[in-house]
Each structure stands twice: as structure tokens, then as C-alpha cells.
Amino acid sequence: MAVSYKDLGLVNTREMFKRAIKGGYAIPAFNFNNLEQLQAIITASSELKSPVILQVSKGARNYANPTLLRYMAEGAVAYAKELGCAHPEIVLHLDHGDSFELCKSCVDMGFSSVMIDGSALPYEENIALTKKVVEYAHQFDVTVEAELGVLAGVEDEVASEVSHYTKPEEVVDFATRTGCDSLAISIGTSHGAYKFTPEQCTRDPKTGRLVPPPLAFDVLAEIEKQLPGFPIVLHGSSSVPQEYVDIINKFGGKLPNAVGIPEEQLRKASKSAVCKINIDSDSRLAYTAGVRETLAEHPDYFDPRQYGKVARNYMIDMYKHKITDVLGSENKLAE
Ligand SMILES: [Zn+2]
């Protein structure tokens, strides 16, 4: 039986994006697969009074189970209220939908927003597929994110070796003909914890750490000029915090040369028409750091709560830092 996101207490992205563009900040879109991640996201966003997008990929939806997920999202709204948000603004969003059927299934099962990613298709096919999803989703007031341009990197089933920047001359035609509500663009961000090879980077002479190439802010500026006030989305925007990578490597992990997007670049992007920033890998890293550290220091532990609690606290700290220090979305609930 179909369920509307409105009955679950969720909202779509329309109003929060409008306010974010006007206010010069970005809404966090955090991916989750399990209870601890969801608890951490809701704790951080509720305590800081930030709107938040709960993001689920096709793989995560299968991992968690689509039915369970619908109740987890409903539970997230109730939990946010318990934490003091009278009117939480929580979006349940499908990340990288790859077919009309998947998007429809999510709309029918309580998602308030879906992404249809036709970016790997020829231009006209991307338009046709996106338009079909928009026509279905809008009947239920579900918002749709589309993508133009290709990001490098690996994320669940999405993988590309090279990135192709979004062509600013295509965005008006694409947005007009598809009717999409927001547009994910490619300006040099990348999926995963290995966003750039060492060869693409320079080295900080002081720390010896890899410094990635800067984002193409000129392309972003041109897109903004073409589509004034239109919501822009950045995928692959984890910063891969060195503190978590170091903990993982210290306690038996092996993540050499992991590198992300520097936070000052995301801070700059947040002030533009970019109103949704996707962060997934940083949560995975914080989680794994907490688990590895706790188990290495306490070989006698076997209760998942013992290391789950540490992992959850690391994620809460990371999410709060993103909200206050990078995206600027704290205290941005409508009421
Ligand atoms: Zn993505």
C-alpha cells in the first residue's frame, strides 16, 4: 500500500532550498544505512536546529530493507521532536536513482525527494528519463534532483574514472525541459575516500599531506548566471578528515593517500546557489575509526553497543562540525 511522506511528518526540499539560497548556506545531505548513523544525524541536526536531508542510495535501501526504512524515517521525525524540535524539517531522499521504477517505488514508499541520475546517458535520454520521473513525482509533491555532468570516483553502484564538468550552456534547456527541482553538477568534486590520485595533488610542504586541485568555481559561477536562483547540488563532498584516517590506520586499517575536498572550498560553495551538499564517506570514516579504536583498545569487548557508542559519538561530532563550521545551516528551521 502506498504511503505519502506527508503522513510520516517529512517535508520535500522546495522551501528549505529557497531559504538556503537566499540565506547563503547549504542543507546537509547525509547518507545513512543503519541505526547508529540515523541516531547521530538526528541528534546533531536537532540539537543545532538544522534542516536535514536523510539520503539513501539504492544499495543502502536494500541493506536496510525498504519497509524498515520507511518506519526509521517516521521514527526520525518523532525522535527529532523528542529532542526539542517542535517542527523538524527532515527530507527522505533517494540518492542516485538509476531507473524510473526505483524512483516510483521510493515515491510510493514515503520518500519526499528522489534523485534520478541519468548523467551517464546521452543528453536527450537523460532529459526524457528525468522528465518521466518529474511527472510522476510531482503528482505527489515529491521533489526531484537531476544530474548533468559526470563525477569521478566510486559510490555504491555509481563509478566513473574521469569527471566531465557540467556544460553551463546546457543547464537552462535541461532544467526547463525536465522540470527538475534541483540540479547536481560536476565541478571537480568526486565520490569516495580517494577523490584524487597523488599525481593529481600537490603536497603541503609543512605536513606532507596531499592537497587536491581546487573546484571549478568559474563553471559554478557561469551556471549560476544561466540559472539564477536555481538550487544546485554538490555530490562527493566529503573532506576525508585526516584525524579519522589516522585513527583507522593506527589501529590496523589501511587507507593510504585518502583525500577529500578541503572544507574551505565547501564553505565558499555553500554561500553560492549550492544549497545541498552530500556527505557520505566522512560518516563511514568516523564510524570505522570509532569501531577500530575501541576494539583495538579493548580486545575483550564483544557487545556492539560498546563500540557502537564510540562510533556514534564520533559521527555526532563530525555532523555538528559540518553543520556549524562548513555548511552554515544551524538555527535555520522555519519555526
Ligand atoms: Zn553522489
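This is a predicted model: local features need pLDDT of at least 70, side-chain atom pairs count only at pLDDT 80 or more; totals for chains, interfaces and linings use all residues.

Student: Which feature does UniProt place at His96?

Tutor: An unreviewed UniProt entry gives "binding site" for His96, His191 and His235. They are spread over 140 residues of sequence, yet they cluster in space, with a largest C-alpha distance of 11.8 Å.

Student: Where does histidine 191 lie, and is it buried or exposed?

Tutor: Histidine 191 lies in strand E9, residues 190-191. Its count is 24 C-beta neighbours inside 10 Å, so histidine 191 is buried.

Student: Which other residues does UniProt list for "binding site"?

Tutor: Asp117 and Glu147, again from an unreviewed entry. They span 31 residues in sequence, but no two of their C-alpha atoms are more than 5.5 Å apart, so they gather at one spot.

Student: How do you know that aspartate 117 and glutamate 147 touch?

Tutor: Contact calls for C-beta atoms within 7 Å. Setting aside residues up to four places away in sequence, aspartate 117 touches His96, Gly97, Asp98 and Glu147.

Student: Where do aspartate 117 and glutamate 147 sit?

Tutor: Aspartate 117 is in the loop between strand E4 (113-116) and helix H6 (123-138), while glutamate 147 is in strand E5, residues 143-148.

Student: Why is aspartate 117 assigned its burial class, and what about glutamate 147?

Tutor: Aspartate 117 has 24 other C-beta atoms within 10 Å, so it is buried. Glutamate 147 has 26 C-beta neighbours inside 10 Å, so it counts as buried too.

Student: Which residues of H2 and H12 meet?

Tutor: From H2, they include Glu36, Gln37, Ala40 and Ile41, and from H12 they include Gly308, Ala311, Met315 and Ile323. By class, the contact has eight nonpolar, five polar and three charged residues.

Student: What is the angle between H6 and H7, and what does that make them?

Tutor: H6 and helix H7 (residues 171-178) pack at about 40 degrees, with their axes 8 Å apart. That makes H6 oblique to H7. The contact is made by Ile127, Thr130, Lys131 and Val134 of H6 with Phe174, Arg177 and Thr178 of H7. Its classes are three nonpolar, two polar and two charged.

Student: Which residues does serine 283 touch, and how do you know that it is buried?

Tutor: Serine 283 is found in helix H11, residues 281-297. Its 25 C-beta neighbours inside 10 Å make it buried. Not counting residues up to four places away in sequence, serine 283 touches Phe30, Asn31, Gln37, Met315 and Met318. Gln37 and Met315 are also listed where H2 meets H12.

Student: Is asparagine 257 buried, exposed or partly exposed?

Tutor: A residue is exposed at 12 or fewer and buried at 20 or more. Asparagine 257 has 13 C-beta neighbours inside 10 Å, so it counts as partly exposed. This residue lies in the loop between helix H9 (242-250) and helix H10 (263-270), and its phi is near 60 degrees, a positive value in a residue other than glycine.

Student: What makes asparagine 331 exposed?

Tutor: The cut-off is 12 or fewer, and asparagine 331 has 10 other C-beta atoms within 10 Å, so it is exposed. Asparagine 331 is in the segment after H12 and has a positive phi of about 55 degrees although it is not a glycine.

Terms used:
Residues are numbered from 1 along each chain as its sequence is written. UniProt positions are given in the numbering used here, feature names are shortened, and annotations may be inferred rather than shown by experiment. Helices (H or I, at least four residues) and strands (E, at least two) are DSSP runs, numbered from the N terminus. Two residues are in contact if their C-beta atoms, placed from the backbone, lie within 7 Å. Ala, Val, Leu, Ile, Met, Phe, Trp, Tyr, Cys and Pro count as nonpolar, Asp, Glu, Lys and Arg as charged, and the others, Gly among them, as polar. Axes are lines fitted to C-alpha atoms, for helices over the stretch in contact, and angles run from 0 to 180 degrees between N-to-C directions. Angles under 35 degrees count as roughly parallel, over 145 as roughly antiparallel, 65 to 115 as roughly perpendicular and the rest as oblique.
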